[in-house]
Amino acid sequence: MHVVVTGGAGFIGSNFVHLTRATRPDVRVTVLDKLTYAGSLASLDGVLEDARGDSMVEFVQGDICDAGLVDSLVSGADVVVHFAAESHNDNSLADPRPFLDTNVIGTYTLLEAVRRHGVRYHHISTDEVYGDLELDDPNRFTEATPYNPSSPYSSTKGASDLLVRAWVRSFGVAATISNCSNNYGPRQHVEKFIPRQITNLIDGVRPKLYGDGLNVRDWIHVDDHNSAVWTIIERGQIGATYLIGADGEESNRSVIEAILAGFGQPVDAFDHVTDRAGHDRRYAIDASRLRSELGWSPVYTDFADGLAATIEWYRNNEGWWRPMKQDVENKYALTQQVLE
Ligand code: NAD
Ligand code: TDX
């Protein structure tokens, strides 16, 4: 099988490539990635040329909006797994335009190519397309929850999902969609919540909490996300949407406290900073369909263990994240102030 992985130099996509090498050695992978600020070839260390000395993973630097390049890569593929996106809500508030280009036009460009060549397509999306829940809402998101995105990021992801559904219905494209909750694990960009706080603490800087910090995210380890993606590629029903989650609801405040504890620091040694505009209150996934129809279940069921391993990864891989750290903090400093 030959799989084209878009965004394979980013956080989840690179972990997907590593997992694929480890669990499916016969699968040939071509990564298509633009190497934006969020992509790093170092995230593919060990798989581009692995210990076996084979060349099962090829890297192509390019834009998913480049129709000619996309057509030539897709024409030789059995499956396209589409991770590439502009992925950070805060960036989408500062400058939405790249989100429209990559998330909407990029997805359209891939859909037209898989349509032309009759290639199986899996679309990676987010629970943020469903908007947010109140803290005390007994319901969680399901595949039937109406779309109600809040940010430029989530609205462009929602738009891309709707394009996929239309291409399935109108053109018979063989696609599946997954909407996953917040991922954590190795190789996540330091702009994101958990790596930002871990690397701040390594640098002796206090963690930064938005607003009152009671916002809830439903955390899943990136390897569990990617094992679910493979499950859907192999056994999912064409045209279906699957929600991916691992029952990992935590408030941001409790995550910061857990990270501080991991560094042996007092649990209140963090700063409150300016809240995010339109900040979603709570995400929560009901993954019953994936579990019951496809028999998937997560491996990382203990968030504290997964977080400890993630802290360890950032401690041991400073060379990976150091080059991006200062730019990220400079950008945050333009809009975020420490509140008294
Ligand atoms: P990321 O920002 O870490 O990586 C994105 C990758 O896409 C980067 O390597 C970047 O260079 C590449 N890219 C960006 N624009 C491109 C373009 N025009 N052409 C080619 N490559 C381009 O993102 P991530 O956190 O790994 O997210 C991957 C996917 O998973 C996204 O579709 C995101 O919406 C989705 N998702 C993320 C989470 C999460 O918690 N991070 C949760 C659910 C869904
Ligand atoms: O310094 C911070 N302090 C803070 O309190 C940062 C960077 C974030 N936060 C809060 C905002 C959110 O409530 O932490 C929570 C998580 O923030 P992010 O890591 O920016 O993630 P989120 O906005 O929830 O979106 C993530 O999950 C869904 C990914 O970035 C998306 O790509 C994915 O679709």
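Two residues count as in contact if their C-beta atoms, placed from the backbone, lie within 7 Å. Helices (H or I, at least four residues) and strands (E, at least two) are DSSP runs, numbered from the N terminus. This is a predicted model, in which local features need pLDDT of at least 70 and side-chain atom pairs count only at pLDDT 80 or more, while totals for chains, interfaces and linings use all residues. Residues are numbered from 1 along each chain as its sequence is written, and chains are lettered from A and ligands numbered from 1 in the order in which they are written.

**Exercise 1. Find out what covers the buried residues of α5, and check the helix's length.**

Step 1: apply the rule to α5. Its buried residues include Pro152, Tyr153, Asp161, Val164, Trp167 and Val168.

Step 2: look at the cover. It includes α3 (89-94), α4, β5 and β6.

Step 3: check the length. The expected span of a helix is 1.5 Å times one less than its number of residues. For the 20 residues of α5 that gives 28 Å, and the distance from first C-alpha to last is close to it, at 28 Å.

Step 4: see what comes next. Gly172 follows α5 and has a positive phi, near 70°.

**Exercise 2. Work out how β6 sits among its partner strands.**

Step 1: start with burial. Six of the six residues of β6 (residues 175-180) are buried, so the strand is largely enclosed by the rest of the structure.

Step 2: pair the strand up. Two strands pair if DSSP finds at least two bridges between them. Ile177 is the bridge partner of His123, and Asn179 is the partner of Ser125.

**Exercise 3. Compare the shells around ligand 1 and ligand 2.**

Step 1: A residue is near a molecule or strand if its C-beta atom, placed from the backbone, lies within 6 Å of it.

Step 2: take ligand 1. It has 30 residues around it, with Gly7, Gly10, Phe11, Gly39 and Ala85 nearest. The largest share, three residues, comes from α1.

Step 3: take ligand 2. It is surrounded by 16 residues, and Ser87, Thr126, Lys192, Phe193 and Tyr210 are the closest. Here β8 gives the most, three residues.

Step 4: sort by class. Ala, Val, Leu, Ile, Met, Phe, Trp, Tyr, Cys and Pro count as nonpolar, Asp, Glu, Lys and Arg as charged, and the others, Gly among them, as polar. Ligand 1 gets twelve nonpolar, 13 polar and five charged residues; ligand 2 gets three nonpolar, seven polar and six charged.

**Exercise 4. Decide whether Thr23, Arg187 and Asp247 are buried, partly exposed or exposed.**

Step 1: Thr23 belongs to helix α1. It counts as exposed because it has 12 C-beta neighbours inside 10 Å. Ser227 is 204 residues away in sequence, yet the two C-alpha atoms are 9.7 Å apart.

Step 2: Arg187 lies in the loop between β7 and α6. With 24 C-beta neighbours inside 10 Å, Arg187 is buried. Its phi is positive, about 70°, although it is not a glycine.

Step 3: Asp247 sits in the loop between β11 and β12 (249-251). Its 16 C-beta neighbours inside 10 Å make it partly exposed. Asp247 is not a glycine either, but has a positive phi of about 55°.

Key: Buried ≥ 20, exposed ≤ 12 C-beta atoms within 10 Å, placed from the backbone.
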